[in-house]
Amino acid sequence: MANQLVLPTLDNLRSSVTPDVNVQAVASQWFSAFTEAMQLKNITAVIDLLVDDVFWRDMLALTWDFHTFQSTPSVKKFLADQLPLFTLSSFKLREDLVELQRPYPDIAWIQAFFDFETTVGIASGVFRLVPLADGSWKAHTVFTNLENLKGFPEQNGPRRDHQPNHGKWAAKRAREIECVDEEPSVVVIGGGQSGLDVAARLKMLGMKTLVVEKNERIGDNWRKRYAALCLHDPVWYDHMPYIPFPTSWPVYTPALKLADWLESYAHSMELDVWTSATVMSVIPGTKGKKWTVTVQRADGKERIFEVNHVVFALGFGSGVGRIPDIPGQDDFKGQILHSSKHKLATDHAGKKVVVVGACTSAHDICADYVENGVDVTMVQRSPSYIMSTKEGMPRLMAIFWEGGPPTDVADRVNASYPNSLVKLMHQRVTKDIAEADKCLLDGLRKRGFKTTLGDDDSGFLLMAWNKGGGYYLDVGASQMIIDGKIKLKSDGPISRFTQTGLLFEDGSTLDADVIVFATGYADARQPYRALLPESLRDKLYPIWGLDKEGELNSVWREVGGRSKDAELNGIWCMMGNLALCRFHSKHLALQIKSYEEGIFGTRYQ
């Protein structure tokens with residue numbers, strides 16, 4: 001990610017915005033010049049329409065990959081390399097989606113949507129124009145996104161099945177699920193939201209897809225977690241593709257409710273799912289396909305599929321908990337478990353419980369213990385970012401809130417902000433939230449709870465992108481810490497286990513009957529290593545975390561790099577929260593479809 005970046009404030013631009021600015025005229029004039037320059041592949045003319053510190057983010061449309069180019073030299077090279085490879089046409093400004101925005105008094109930009117077509121794709125875009133000192137407007141951000149493939153529309157709406165079905169549906173579905181008449185083209189490992197989303201997207205593109213889920217029921221990956229689990233993202237952010245949540249759905253979804261929704265989603269979307277089934281191995285194919293996948297059913301019988309594409313949709317480390325290596329574990333006479341194995345607070349009624357960790361799961365579990373009368377102490381090893389959902393969510397999730405834009409519009413607005421720009425914006429928003437949460441944060445610090453404002457004071461989002469944790473979005477547990485209901489030990493590192501609990505480096509001890517480690521999950525590459533041949537395990541690229549451009553590593557793409565002859569081509573990663581899976585499942589499905597139809601280009605490197 002680029003250094004020394006600054007927001008395009010009016011002071012930095014040495015500019016101002018008059019109240020009577022004709023937003024439509026400014027956007028139309030800029031877009032007309034942009035359209036002409038792009039279609040003529042006049043790179044100099046395109047660059048002249050951009051500010052020097054421009055961001056251009058592309059998702060598949062012009063790079064067949066995920067890239068963020070920052071500054072005009074970087075954009076110029078990208079355009080020089082890529083524009084000759086595409087025929088661009090049908091540029092159209094979305095006049096209904098043009099508006100002047102003032103996120104802060106000293107920031108003003110005109111945001112606008114547009115559509116266009118490439119050689120093989122139908123694409124969309126977003127640009128933001130900022131005013132300059134000479135009265136002109138230039139783009140500070142440009143976003144281009146592949147929406148669909150020409151000739152391969154989704155099979156929904158007017159293209160849905162129009163034939164009546166009298167008494168044959170159940171038998172037809174049974175044969176489809178068992179893959180009796182047609183072998184799958186894609187095997188998806190994991191039936192959580194990420195696996196179901198990409199299976200639904202592939203189905204709409206006419207790709208026969210089998211989802212293999214090890215649990216007895218779809219939704220068990222949520223159903224079997226701790227009973228107090230509840231989503232901390234709002235419902236407007238969490239819709240799934242094609243079937244949004246009902247308007248009566250609660251703002252924050254209980255895990256058990258989500259589990260049932262996932263099960264109903266798989267049924268309603270007619271997804272082919274095998275439950276109580278385990279993928280035993282994924283090895284290079286020998287019958288004209290890239291991969292041989294062996295699946296074992298509940299009865300022990302195995303079935304082998306030959307496919308070109310295997311999607312791993314297993315989350316962080318396939319839900320395998322990470323417990324730090326602390327000496328003396330065998331000496332401890334009590335119970336040790338990871339939060340992923342914790343179920344009910346009442347399982348430990350009358351016990352003294354210690355929870356190691358101070359992020360989301362730790363807070364949820366500690367609060368549940370308190371509400372069930374269990375003595376619990378939280379051990380905090382490093383600072384955590386804390387914000388209340390009351391103050392934080394309306395500020396951070398304004399476009400995913402009651403009265404916000406349609407989900408498809410909100411998704412594209414959200415994606416149009418490169419993570420480097422998100423960081424700059426969130427430094428301001430995080431400060432605002434912290435000021436609103438001052439009493440809460442002061443109370444926590446008074447109790448000895450260590451807080452942080454995140455990487456460079458940018459809040460929790462980049463912490464999530466970089467390490468998948470480090471924060472708690474407060475829904476009540478923080479006040480329990482302040483009130484002393486959740487006891488806290490945060491004054492030093494753990495040295496070792498003792499027979500009766502934990503010994504700390506400062507010589508202090510903490511007795512416990514039960515120690516719960518809410519300390520995150522294994523490397524996201526672990527399930528790949530477990531199923532792939534040993535010779536291919538070192539070919540895996542990092543998964544999750546931000547690369548030098550600020551894009552997430554490997555997710556929603558193949559996990560073995562970007563070259564056409566990479567040994568892991570056809571091994572895909574699908575993961576993320578509900579919002580990321582909703583949006584990016586389409587990207588992954590489009591890549592697979594374009595491979596199968598022979599129209600996939602070359603990933604830009």
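Is Phe-460 buried or exposed? I looked it up: Phe-460 has 9% relative accessibility, so it counts as buried (under 20% relative accessible area with a 1.4 Å probe, protein chains only; exposed is over 50%, partly exposed in between).

Ground rules for myself. This is a predicted model, where local features need pLDDT of at least 70 and side-chain atom pairs count only at pLDDT 80 or more, while totals for chains, interfaces and linings use all residues. Residues are numbered from 1 along each chain as its sequence is written, and side-chain values use heavy atoms, with hydrogens and water left out.

**Aromatic pairs**

I stayed with Phe-460 and checked its ring partner. The ring centres of Phe-460 and Tyr-471 are 5.0 Å apart with planes at 50 degrees, so I noted the pair as tilted. My rule: rings of Phe, Tyr and Trp (its six-membered ring) pair if their centres lie within 6.5 Å; planes under 30 degrees apart are stacked, over 60 edge-to-face, the rest tilted. Phe-460 is in the loop between β18 (451-452) and α14 (461-467), and Tyr-471 is in strand β19 (residues 471-474), eleven residues apart. Helices here are DSSP runs of H or I, at least four residues, and strands are runs of E, at least two, numbered from the N terminus. Tyr-471 is buried too, at 16% relative accessible area.

I counted 34 aromatic pairs by this rule. One of them, Phe-91 with Phe-114, is stacked, at 6.5 Å centre to centre and 15 degrees between planes. Phe-91 sits in strand β3 (residues 89-104) and Phe-114 in strand β4 (residues 107-117), 23 residues apart. Both are buried. I also found Phe-91 and Phe-114 in one aromatic cluster, with Trp-30, Phe-34, Trp-56 and Tyr-604 among the other members.

**Cores**

Phe-34 and Trp-56 turned up again in the largest nonpolar core, which has 194 residues; they are among those that touch the most other members, along with Val-282, Val-355 and Ile-571. (A core is a set of buried Ala, Val, Leu, Ile, Met, Phe, Trp, Tyr and Cys joined through side-chain atoms within 4.5 Å.) Helix α17 (residues 578-596) gives this core its largest share, nine residues. Apart from it I found another core of 13 residues, including Phe-332 and Phe-504.

**Ser-339**

I found Ser-339 in the loop between β14 (335-338) and β15 (352-356). Ser-339 is buried, at 2% relative accessible area. Beyond four places in sequence, its contacts (heavy atoms within 4.5 Å) include Tyr-226, Phe-517 and Tyr-521.

**Pocket and cavities**

The second largest pocket holds about 830 Å³ of space. Of its 30 lining residues, Asp-161, Lys-172, Glu-176, Lys-203 and Glu-270 are the closest to the centre. I noted α5 as the biggest contributor, with five residues. The lining divides into ten nonpolar, seven polar and 13 charged residues.

I counted two cavities of 30 Å³ or more.

Terms: on a 1 Å grid over the protein atoms alone, a cavity is a set of points where a 1.4 Å probe fits but cannot get out; a pocket is an open set with protein on both sides within 12 Å along at least five of seven lines; lining residues have an atom within 4 Å of a point. Grid points are joined across faces, edges and corners, and volume is the space filled by probe spheres set on them. Ala, Val, Leu, Ile, Met, Phe, Trp, Tyr, Cys and Pro count as nonpolar, Asp, Glu, Lys and Arg as charged, the others, Gly among them, as polar.
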